Amino acid sequence: MKFGVVIFPGSNCEQDCYYAIGTVLGKPVEYIWHQETSVKGFDAVVLPGGFAYGDYLRTGALAKFSPVMKAIADFAKKGGLVFGICNGFQILTEAGLLAGALLRNVGLKYLCKFEYLRTETTDTPYTNLMHKGQVLRIPIGHGDGNFFADADTLKRIEDNDQVVFRYTDAKGNVTPEANPNGSLNNIAGIVNEQRNVLGMMPHPDRSYESILGSADGKLIFESMVNALVTK
Amino acid sequence: MMVSEDVLTQHNLTESEYQKIVAILKREPTITELGIFSVMWSEHCSYKSSRVHLRRLPTRGAAVLQGPGENAGIIDIGDGLAVAFKIESHNHPSFIEPFQGAATGVGGILRDIFTMGARPIAAMNSLRFGPLDKQQNKRILEGVVGGIAFYGNCFGVPTVGGEVYFSESYSQNPLVNAFALGIFEKDKIFYGRAHGVGNPVIYVGAKTGRDGIHGATMASAGFGEDAGAKRPNVQIGDPFMEKLLLEACLEAMQKGLIVGIQDMGAAGLTCSSCEMGARAGTGVELDLDVVPQRETGMTAYEIMLSESQERMLLVAEKSNEKAVFDVFHKWGLDAVTVGRVTNDGLLRVRHQGHIVAEIPNGALADDAPVYQRPLLPPKSIMSSRLDDYSFLDGCEPALVETFLSENNDWNKLLTIAVSSPNLSSRRWVWQQYDHMVQSNTLLGPGSDAAAVRVKGTKKALAMTLDGPAYRVARNPREGAKMAVAEACRNIVCSGGRPLAATNCLNFGNPEHPEVMWQFSEVVDGMAEACDSFGTPITGGNVSFYNETFGGDIYPTPVLGMVGLIEDLSLVTGSSFRESGDSIVLVEPVSRLVGKVNLEDERAVQNLVAAAIRDGLIRSAHDVSEGGLAVAIAECCYSNLQRPAIGAEINVPSSLEIRKDLFGEFSSRVLLTTRDAAELRKRAERTGLKFHDIGKVGGSRLILNYENLRVADIRVDELETAWSEGLPKLLS
């Protein structure tokens, strides 16, 4: 089993993902430079948070042209696990590997804070160790996390059980107050139809140990390991 | 002389400074040379007014690996690791253009850290604004916070703490002080030294434009009506470029390709080249024709003085030149050899076939004029009216009156205090800063001190910024001591041992004898306190000319203290933990306001440190602005671990109720424990006063005074008032 963490120019959470997988989970992990044209040998690829290309254009709009993205698209098509966190999620939507788009937060400000997320489905390689409805506490840190999709797309991902996490209150209720950024249906994370590509705005890579305020994020990485072991 | 008086004024040079330049060169300077001297001899770069005083600060200590004079100070934290840290001001640019001014302040301090080879792992900032009833002050605050967030978040450094204060004193002159801290292996430190005659001098990073020309000179004068016209002097920040520069520099260092390196900050190419030469005792020859330029037709003067951001100058072995280029090209950055190291000690600048400047490096870097400016205690002394309640400074006058005259409704007074501009929650500010990236943040913004773990060890670093400006304005010497004492107390309350500090000394016009007197007093107070706590000053920054329309700001020294937490298990928060815990107040026998007894202070800190080490302490909070009542409220608010929690307190009575509730006495700490008896024994043995004042529990904050229930309020209500204080002022 080998994890890869992609580095785009401007990525800044690659070390957190690397540490969570390599040190906390103790699983093999390597960096993948964005100029690579192959991801051969990896079983799961993580696109970390950050500001690829400075996010000066639309978030993810430039990163999708990095050579590694073509390899990742092929890898995803073959069923490989592709996990985009924050900026990684934005890149995956730009690259067309996930539906929808991430717009500016409704408050127009960057927000860094802990949020409660409700697990909407356990039928993914990222949530197989949780129970449906399980509330996790995982922080966000973004200025563009407002999930948007047109009505048809939204209906499709809802009907297909592709919504993985929603922002909720501590008890798991979906409320407008619990929505930090204006995301449609309080959506915090989704998978593709094949269910092997996950994008989420909150950072499990900042909540894998209780001294950081929460260890709930570790469950997501552990689910990935579980999925790879039982594959 | 050839140069007119106007030209000298434009360059902020005096007639006698000009004569000194002529004497050094043994001829009239070219216009480029005049520009170079003007920035290198500016107050900002040369410390010409402060140098004679700064010598009195302690700068050496067991942990100090590098004191003042380099890009940042460095201390040893054990395990083969070292920490580089520094604080710097960006006040003038932030007044003219708040967003970019603050953003480039963050960029500059981060470069100072990674120039030395350290990866930045934490940032903090200390901000001062005029009251928010003025639209302009709101605009400045929003711009500054936005700029800090823009830069720090994209760069990927967590902004883990800091302070924000409001006072009329800063209405026309906000203060933006940025702190950064980085970590590295202690045998892998890089210095800004141009060693090795013949070695190439390589320019890396962003292209040079016309932005920021004379930024250092601007920061060395006050502002009048024309402040807005100086906007072109402010640089534009590109945090993405800086992030690439960080990774490329660290990679080149890791590969052993770099001999010396310095960032181009204030005074740009001029400062980096002549300082690197001066430190190594070498000369540096530059060819400006090959300097990457963003604009066409730039003159030598403009290229040498540009303060375009995200640029570095480095020296490499000739044989490694290509390898250096490869690393920077990998990251998509410019890397060009723009000169070489020589043996003649001169900064020689060529442009379009001519030598446009030829100046001894040492004269620029070390021979700047040094002024022993006159000192005079001010004739009028600031009113003592708010001494007991300094947080009221910055409140509307009507609110101050209410606070000082209301004698019955203590719920109301507590609510006023916690929602006041200087005590209300700063969440609106720090929620815009990424304070979690790098996943090391153990105690984040809003804590007494921030705590950041050191991966691969059992240790954490504690850090805090403190600048009690009102106290310093009232009594510069005592105020400076209080700054040091409070900074150390914050570190100790978080479970750390203070190691060393950096200072940012923000003052008014040094040509005013009263300002220089304040400065001198502050240096003496700081020196005395730093000696007492064993915390040397490893570097920092002086910012003079903080005046607009002739009015000087409060003397505002900001201290950035760094401490070591030996084991993660010792990290201690300020919030109450659990129902039933005993709440105790520890203080010296004699109560002081506006000054500090350093011996008492040390006794309090030693007690807290030992009690934390022995596992007696559940929470520890420094009691400062707003006194005991406000400190208790702060410990009750909700946090990540639990919802809001109440407490019932018997407030010790000694003077009068208002002072006993809200008075700001020095050297006090609020602790919770499950072994109050043991703590009492320890406190009394060391001659400290110990009050067992109550228990954590319930959902209300109840204050009893001389057997009367004087305040009784739901904590969630109080917390709402505290949380909404700042957003309300901004709406």
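Tutor: Take the open sheet of seven strands in chain B, which has the order β23-β25-β22-β26-β24-β27-β28 and mixed pairing. Its edge strands, each pairing on one side only, are β23 (617–623) and β28 (708–714) of chain B. On average, neighbouring strands in this sheet are turned by 20° against each other, with direction ignored.

Some ground rules first. This is a predicted model, in which local features need pLDDT of at least 70 and side-chain atom pairs count only at pLDDT 80 or more, while totals for chains, interfaces and linings use all residues. Residues are numbered from 1 along each chain as its sequence is written, and chains are lettered from A and ligands numbered from 1 in the order in which they are written. Helices (H or I, at least four residues) and strands (E, at least two) are DSSP runs numbered from the N terminus. Two strands pair if DSSP finds at least two bridges between them. Axes are lines fitted to C-alpha atoms, for helices over the stretch in contact, and angles run from 0 to 180 degrees between N-to-C directions.

Strands of a sheet pair through backbone hydrogen bonds, either parallel or antiparallel. Inside this sheet, β24 (residues 647–651) and β26 (residues 689–696) of chain B run antiparallel and are joined by three bridges. One residue to look up there is B:E648, whose bridge partner in β26(B) is B:K695.

Two helices lie against the sheet. α21 (residues 598–613) of chain B lies across β22 (582–587), β23 and β25 (668–673) of chain B, and runs at about 160° to β23(B). α25 (residues 715–730) of chain B packs on the sheet by touching β27 (700–705) and β28 of chain B, and its direction makes about 70° with that of β28(B). Contact here means that the C-beta atoms of two residues, placed from the backbone, lie within 7 Å.

α21(B) has another helix beside it. It packs with α19 (residues 476–493) of chain B at an angle of about 10°, and the two axes are 9 Å apart. The angle makes α19(B) roughly parallel to α21(B); angles under 35 degrees count as roughly parallel, over 145 as roughly antiparallel, 65 to 115 as roughly perpendicular and the rest as oblique. On the α19(B) side, the residues that meet α21(B) are B:K481, B:A485, B:C488, B:R489, B:V492 and B:C493, and they face B:L598, B:E601, B:Q605, B:V608 and B:A609. The residues of this contact comprise seven nonpolar, one polar and three charged. In that count, Ala, Val, Leu, Ile, Met, Phe, Trp, Tyr, Cys and Pro are nonpolar, Asp, Glu, Lys and Arg are charged, and the others, Gly among them, are polar.

Most residues other than glycine have a negative phi, and most peptide bonds are trans. B:S667, in the loop between α23 (657–662) and β25 of chain B, has a positive phi of about 60° although it is not a glycine. B:E706, in the loop between β27 and β28 of chain B, also has a positive phi, near 45°.

Chain A has an open sheet of nine strands with mixed pairing, in the order β2-β1-β3-β4-β11-β10-β9-β6-β7. The edge strands of that sheet are β2 (29–33) and β7 of chain A, each pairing on one side only. From one strand to the next the twist averages 25°.

Finally, the two chains touch: 25 residues of chain A are in contact with 24 residues of chain B. On the chain A side, α1 (14–24), β6 (111–119) and β7 (135–142) of chain A are the elements that give two or more residues. β6(A) gives the most, with four residues. The chain A residues of this side divide into 13 nonpolar, seven polar and five charged. Within chain A, β6(A) and β7(A) are themselves paired in the antiparallel sense over eight bridges, and A:E115 has A:I138 as its bridge partner in β7(A).
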